[in-house]
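Hi,

Here is the structure I said I would pass on. Have a look at it first, and my notes follow below.

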Amino acid sequence: MKIDIAILNKCSLFKDISEKSYDSVLKYLRAVKKTFRRGEFIVNIGEEFCRAGIVIDGVVECSFEDLDFNKLNMNHFYPGELFGATMAFAEIKESPMKIFAVKDCIILFLDLQILNKSHDCKFQNKLITNLLQSFARQNLFLNQKVRILSQKDLRGKILAHLRSIKPDENGVRKIPFSKTSWAEFLCANRTALSRELTKMSHEKILIMNGRHFILS
């Protein structure tokens, strides 16, 4: 299977595994490559989801719905990132979330359940260790999101989220979402988010340029 080595190098699952072993690892995990068009569901709520995915190209969104069927944006995944690993490894039969292609995507699906059953791969222990580290990072992300959403008002949510993003050498923090997706991530109305950002800019609390922000 021909996969860009640079993409797999970015994936946490392949940490400390030599590039020359990638083909063997992919064969062991029964890797399957599939393509999806923009807006196409990769898996919908209630469908079986037994394989984790690595984004090879494009952007994937994973989200839940509230009781009124409003979308609750959880996270976006970019090339080299692993998604759905918790569901796949835990052998959850019905997906509690929907996963769809934000852009045209190429996804590499992996059978992680084999790690619970087979012991004929010398990289099995390393794969499990990398997977546990991925779960730990996901848990930290979810805890961080709870902290963001627990803020009393929208301004507090905005500041909590921006402060959670590591700035670059110029102090710029980049939001990885569109304005609509960011509003969904913060469980807010897009118009209200835009209005609050404008107020914060006028009050010199932040400087914004598209998805880029500098906190005063």
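The accessible surface of the protein chain comes to about 12000 Å², and carbon and sulfur atoms hold 51% of that. Bear in mind that this is a predicted model. As for charge, I get 34 positive and 24 negative side chains, with the centres of the two sets 5 Å apart.

On overall shape, the C-alpha atoms fill a box of roughly 60 × 40 × 30 Å along the principal axes. The radius of gyration is 19 Å, which agrees with the value near 17 Å that a compact globule of 216 residues would have. Of those 216 residues, 44% count as buried. The chain has seven helices and 11 strands. Among contacts with a separation of 6 or more, 70% are between residues 24 or more positions apart.

The bit I'd zoom in on is helix 5 (residues 154-164). Eight of its 11 residues are buried, so the helix is largely enclosed by the rest of the structure. The buried ones are Leu154, Gly156, Lys157, Ile158, Leu159, Ala160, His161 and Leu162. Their cover includes helix 4, helix 6 and helix 7, along with strand 9, strand 10 and strand 11.

Then there's Glu196, which sits in helix 7 (residues 190-202). Is Glu196 buried or exposed? It counts as buried, because its relative accessibility is 15% and the cut-off is under 20%. Leaving aside neighbours within four places in sequence, Glu196 is in contact with Leu154, Arg155 and Ile158. Leu154 and Ile158 are also among the buried residues of helix 5.

Cheers

Key. Residues are numbered from 1 along each chain as its sequence is written. This is a predicted model: local features need pLDDT of at least 70, side-chain atom pairs count only at pLDDT 80 or more; totals for chains, interfaces and linings use all residues. Side-chain values use heavy atoms; hydrogens and water are left out. Helices (H or I, at least four residues) and strands (E, at least two) are DSSP runs, numbered from the N terminus. Buried means under 20% relative accessible area, exposed over 50%, partly exposed in between (1.4 Å probe, protein chains only). Contact means heavy atoms within 4.5 Å. The radius of gyration is taken over C-alpha atoms; the globule rule is 2.2 Å times the number of residues to the power 0.38. Accessible areas come from the Shrake-Rupley method with a 1.4 Å probe; for residues, only the protein chains shown count as cover. Lys and Arg count as positive and Asp and Glu as negative; His and the chain ends are not counted. The place of a charge is taken as NZ of Lys, CZ of Arg, CG of Asp or CD of Glu.
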